[in-house]
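Please view the sequence and the model together while reading.

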Amino acid sequence: MATMTLQLPRVRQVRLRRMARARGISVDKLVDEFSATGLAQYDAEVRFRTLAGKGSPALALALLDKVDATFGRKR
C-alpha cells in the first residue's frame, strides 16, 4: 500500500469521519471504497467510449435511451 496525503476542507473531513463511523469502517477504508467506485465508473466510461467509437453512433444512442428508460432518466 502507498500513503497519500489529502487536503480537504475541515467540514468535509468531519463529515467523512462521521460517515465512516456510521458504516463501522475507518476513513481510510471509506476513501478506498470511494476511489474504487470512481475508478470503476471511469473504466466503464472509457470502455464504452472506445466501443462506441468503433461502432454505430445510432445504436449507441439507442442503447443509452434503453438505459435511461430503465432507470427513469431523461437526457
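**Overall architecture**

The protein has three helices and zero strands as its secondary structure; helices (H or I, at least four residues) and strands (E, at least two) are DSSP runs, numbered from the N terminus. Along the sequence, the pattern reads α-α-α. This is a predicted model, in which local features need pLDDT of at least 70 and side-chain atom pairs count only at pLDDT 80 or more, while totals for chains, interfaces and linings use all residues. Residues are numbered from 1 along each chain as its sequence is written, and side-chain values use heavy atoms, with hydrogens and water left out.

The radius of gyration of the protein is 18 Å, whereas a compact globule of 75 residues would have a value near 11 Å. This radius is taken over C-alpha atoms, and the globule rule is 2.2 Å times the number of residues to the power 0.38. Along the principal axes, the C-alpha atoms fill a box of roughly 45 × 30 × 20 Å.

**Surface and charge**

Of the 75 residues, 7% count as buried (buried means under 20% relative accessible area, exposed over 50%, partly exposed in between, with a 1.4 Å probe and protein chains only). The protein exposes about 6900 Å², of which carbon and sulfur atoms supply 59%; accessible areas come from the Shrake-Rupley method with a 1.4 Å probe, and for residues only the protein chains shown count as cover.

There are 15 positive and 7 negative side chains, and the centres of the two sets lie 6 Å apart. Lys and Arg count as positive and Asp and Glu as negative, without His and the chain ends; each charge is placed at NZ of Lys, CZ of Arg, CG of Asp or CD of Glu.

**Individual residues**

In helix α1 lies R18, which is exposed because its relative accessible area is 53%. R18 and V31 are 13 residues apart in sequence, and their C-alpha atoms are 13 Å apart in space.

Helix α2 contains Y42. Y42 has a relative accessible area of 52% and is therefore exposed. Between Y42 and D65, 23 residues apart along the chain, the C-alpha separation is 20 Å.
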